[in-house]
Amino acid sequence: MKKIKLLVSLVAVALLLVISGPMFNDEDSAQALEKAEILADTLNVRSGPGIDHSLIDQVNASESYYVVDEHTNDDNGEWVKISLSESTEKEGWVSANFVNKIEDDEETEVDKLDKDEEKAQENKTKEIEQRNLAKEVQETPLEGAKIVLDPGHGGHDPGAVGPTGLTEKEVVVDVGHRTKEELEELGADVHLTREGDEFISLFNRANMANQMGADLFISIHANGALNRKAQGTETYYSSLRNPNDYQLAQSLQDGMVNTLNRQDKGIFDRNFSVLRNAHMPAALVELAYLSNYEEEELMRTDQFRQNAAEGISDGIVDYVENFL
Ligand SMILES: [Zn+2]
């Protein structure tokens, strides 16, 4: 019976040792979490804690190693044993005078720099992604918008005629086609009230837009005045209709002034029938004065016509993005 009791006691003690084993090791593992950051440019690693021990390696400034042991003796001062390689378990001693001991959870300068760089890279990637997304959105800002462009006059009605014979009807139908192309590139569904040199009544122009359920109606004209000095760009809207028309006119005027670089004559409130009969936001643009020598010359050029198309298109985008 005594023998059995002894055996049971022994087993119990053994079990206790096994269970409490890790507890005894706690101090060691706490120590292992400490790191030594090397301060010297190059620091000798020795086989034991003192300069009389053999040189086994060298470590360099700002590297850091896990501390696995520490030793202080009167002759040689303080020494720390560092783990040189976790994979090969290679260890050695360095003088504590040339290391900075830090908790592992504290970031070293190098770690911090690495992390900052990583973060900066992450942010950069994010920024690029966001920019691409914004670009994608911007590439078709008029997706789903149905726009009717109305080149004025046509057929037997030439509109204004310049001093050298350029007619309003031919300028505005070309600008209409160019504007249609610009807007379609931005995702809009665009219709022209006339594509060639045909006559269409004012009522039918607005009615076309109504029948299509268009979102915007924009009539394109070139101005004429008895005074040949009159020049510049202007836009008309009717305050008797949609209250947004004022904004549409302002957006179109800003867009055209920006690309055409002609005098900004501003926006005007006129109850034109072509505007009055349209059921959607509507405006009428006057690109420039055909009756003016200089502006007639400009309106003969592809460049001016293209700029006009781009200005109108910019104005529509501005309006759709901000007010529609
Ligand atoms: Zn006109």
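These legends go with a handful of close-ups of a predicted model.

**View 1. The six-stranded sheet, strand by strand.** Reading across this open sheet, the strands come in the order β9-β8-β10-β13-β11-β12, and the pairing is mixed. β9 and β12 (264–269) sit at the edges with a single partner strand each, so one side of each has no neighbour in the sheet. From one strand to the next, the twist averages 20 degrees.

**View 2. β10 alongside β13.** Here we zoom in on strand β10 (residues 216–223) and strand β13 (residues 282–289), which pair in the parallel sense. Six bridges link the two. To find your bearings, look for Asn 223, whose bridge partner in β13 is Tyr 289.

**View 3. From β8 to β9 by way of a helix.** Strand β8 (residues 146–151) pairs with strand β9 (residues 189–192) over four bridges, again in the parallel sense. Lys 146 is a handy place to start: Asp 189 in β9 stands opposite. Follow the chain out of β8, through α4 and into β9, and you have traced a right-handed β-α-β crossover.

**View 4. α4 against the sheet.** What does α4 touch when it packs on the sheet? The strands in question are β8, β9, β10 and β13. Compared with the direction of β10, that of α4 is turned by about 145 degrees.

**View 5. α4 meets α9.** Helix α4 (residues 168–185) packs with helix α9 (residues 302–322) at an angle of about 50 degrees, and the axes are 8 Å apart. That angle makes α4 oblique to α9. The crossing is right-handed. On the α4 side, look for Asp 174, Val 175, Arg 178, Thr 179, Glu 182 and Leu 183; their α9 counterparts include Arg 305, Ala 309, Ile 312 and Ile 316. Sorted by type, the residues of this contact come out as six nonpolar, three polar and five charged.

**View 6. α6 meets α9.** Now for another helix that packs with α9: α6 (residues 245–260), at an angle of about 145 degrees and with the axes 7 Å apart. α6 passes α9 in a right-handed crossing. Among the α6 residues in the contact are Leu 248, Leu 252, Gly 255, Met 256 and Thr 259, while α9 brings in, among others, Phe 304, Asn 307, Gly 311, Gly 315 and Tyr 319. How do the residues of the contact of α6 with α9 divide into nonpolar, polar and charged? There are eight nonpolar, eight polar and four charged.

Key
Residues numbered from 1 in each chain as written. Predicted model: local features only at pLDDT ≥ 70, side-chain atom pairs only at ≥ 80, totals over all residues. Axes fitted to C-alpha atoms, helices over the stretch in contact; angles between N-to-C directions. Parallel < 35°, antiparallel > 145°, perpendicular 65-115°, else oblique. Left-handed = near helix turned anticlockwise from the far one by under 90°. Contact = placed C-beta atoms within 7 Å. Nonpolar A, V, L, I, M, F, W, Y, C, P; charged D, E, K, R; others polar. Pairing = 2+ DSSP bridges. Right-handed = clockwise from strand over helix to strand, strands pointing away.
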